[in-house]
Each structure stands twice: as C-alpha cells, then as structure tokens.
Amino acid sequence: MSQSDTPNIQAISTEVSQLRQELQLRDQLVQQLSQELFRLVKGNTSFIPQRSETQCDLSQLEALREQLQAVEQQVTFYQEQITSRDSEIYQLRQSVQELTDRSRMLEQVVQELPQIYRRKFEERMTPVRDKVAMLQRENRQLQAELQSVSYRLALKTRHASHSGIDLPNFSSSISGQSSISAPQNA
C-alpha cells in the first residue's frame, strides 16, 4: 500500500463518521417528531380540528410528509453510502493485512538470503576445491617425475658427453601420460 492511500483512507473514514453523525441527528429528529405527534394525538382527545384549520393543517401535514419522505430518502442514501464505505474499508483492511503478511514474509526471506547464498556458494566451491586439490597432487607428481628425468638426463650427459649425443629414454609411465615426439636428426 502506498503512502498516498493512507490520506484517502483517513478522508473516507472522516466522511463516514460525519455521515453517521448526520444520520444519527436525523434519526433523533424523526423520533422526536413522531413522539411529539403521538403525544399530541393521544394526549388531546378533545382536539378536533376546525374546518378552516383542517385545510391549513392538511397542507402543513402534506409538507411534513414530503419533508419526512425526503429525509427518509436521504437516510436511505446515507445508509447505502455507509454500507458501501464499510465494504471498502473492510476490503482495504484485508489488503493491508495481506500486504503486511507479505512484507513480513519478504523481510524474513531477505534476512535468510545471506545464509542461503553462503550455503550455495559452499556447495559450488566443494567440487572446485576438490579439482584444485587433485590438480595440485598431479602437479607435484609431475614435478617429481620431471626432477627425476632431469637428474637421469644430467647423469647420462656426464657419462656420454665424449661419445656423442644420446636422447633420453623416458620410462613407460611418462610415455603413457603424454606422448612427446622427439625431433629426428637426419
């Protein structure tokens, strides 16, 4: 929910409370009017309107009926508006609750992300570490073999330096791992 929705909710809430106050005031007026009419009619049995007053009273009564009908229409209109606003408020409260729940869930996910990334990184790094360790072992083995070959070559060159050039004789373990072709002198 954005910040611009909060003033709208407050404005709607204010308007709903004003409409309820007006409705209560009109209900009170209608109740007072009906009580006054009831008191006048019931309490005064000798009250018989004169013919000239009857015509005036009838027109006043008709005017009062029209006013009462207008007030009843307004009350119905306001009640419909209140019902509509109440339903809007209910929907807004539900959406606020849903958004609050979603926000909490997202906050929890954001808090868990570093641990998830660390775990995934560790899972991905394990094969890389294994491969690096294997390559280091293989590198040490190859260096040891290279030193061995260099040592034998140095020994052969010392013994055979006066008889001519001898090419080194590689062992079968080295030739199995890599095939190096020696240049041939013609």
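Is Ser 17 buried, partly exposed or exposed? Ser 17 is partly exposed, with a relative accessible area of 34%. The points below set that residue in its surroundings; the model is a predicted one.

1. Overall make-up. The protein chain has 186 residues, of which 7% count as buried. The chain contains 3 helices and 0 strands, and its pattern along the sequence is α-α-α.

2. Confidence. The mean pLDDT of the chain is 82, and 77% of the residues score at least 70. Among the elements, helix 2 has the highest mean pLDDT, at 90, while helix 3 (residues 172-177) has the lowest, at 49. Over residues 173-186 the pLDDT is below 50, and this stretch has 5 contacts in the model beyond near neighbours in sequence. Where pLDDT is low, the predicted coordinates should not be read in detail.

3. Contact range. Taking the contacts in the chain with a separation of 6 or more, 80% are between residues 24 or more positions apart. Ser 17 itself has its place in helix 1.

4. Nonpolar core. The largest nonpolar core consists of 5 residues, namely Leu 19, Leu 23, Val 75, Tyr 78 and Ile 82. At least two of its residues come from each of helix 1 (5-43) and helix 2 (51-159). Helix 2 gives the most, with 3 residues. In soluble globular proteins, nonpolar side chains tend to be buried together.

5. Ile 82. Which residues does Ile 82 contact, leaving aside its neighbours within four places in sequence? They are Leu 19, Arg 20 and Leu 23. Leu 19 and Leu 23 are also members of the largest nonpolar core, whereas Arg 20 forms a salt bridge with Asp 86.

6. Salt bridge Glu 15 to Arg 85. The structure holds 4 salt bridges. One of them joins the side chains of Glu 15 and Arg 85, at 3.1 Å from N to O. Because Glu 15 lies in helix 1 and Arg 85 in helix 2, the pair ties together parts that are 70 residues apart in sequence. Glu 15 is partly exposed, with a relative accessible area of 32%. Arg 85, in contrast, is buried, with a relative accessible area of 16%; the cut-off for buried is under 20%.

7. Surroundings of Arg 85. Arg 85 is found in helix 2. Setting aside its neighbours within four places in sequence, Arg 85 is in contact with Ile 12, Glu 15 and Val 16. Of these, Glu 15 is its salt-bridge partner.

8. Salt bridge Arg 20 to Asp 86. The closest N and O atoms of Asp 86 and Arg 20 are 2.9 Å apart, and the two residues form a salt bridge. Arg 20 lies in helix 1 and Asp 86 in helix 2, so this pair ties together parts that are 66 residues apart in sequence. Both partners count as partly exposed: Asp 86 has a relative accessible area of 32%, and Arg 20 has 39%. Side chains of opposite charge can pair when their charged atoms come close.

9. Salt bridge Glu 122 to Arg 129. The side chains of Glu 122 and Arg 129 also meet in a salt bridge, with an N to O distance of 3.1 Å. Glu 122 is partly exposed at 38% relative accessibility. Arg 129 is partly exposed too, with a relative accessible area of 44%.

10. Nonpolar surface. Which residues make the nonpolar surface patch of about 230 Å²? The patch is made by Leu 58, Leu 61 and Leu 64. Leu 58 is found in helix 2 and is partly exposed, with a relative accessible area of 46%.

Terms used: Residues numbered from 1 in each chain as written. Heavy atoms only, no water. Core = buried A, V, L, I, M, F, W, Y, C linked by side-chain atoms within 4.5 Å. Buried < 20%, exposed > 50% of the residue type's maximum accessible area, 1.4 Å probe, protein only. Helix = DSSP H or I, 4+ residues; strand = E, 2+ residues; numbered from the N terminus. Contact = heavy atoms within 4.5 Å. Patch = residues over 30% accessible without salt bridge, like charges linked within 9 Å, V, L, I, M, F, W, Y side chains within 5 Å. Areas by Shrake-Rupley, 256 points an atom, 1.4 Å probe, with all protein chains shown as cover. pLDDT = per-residue confidence, 0-100.
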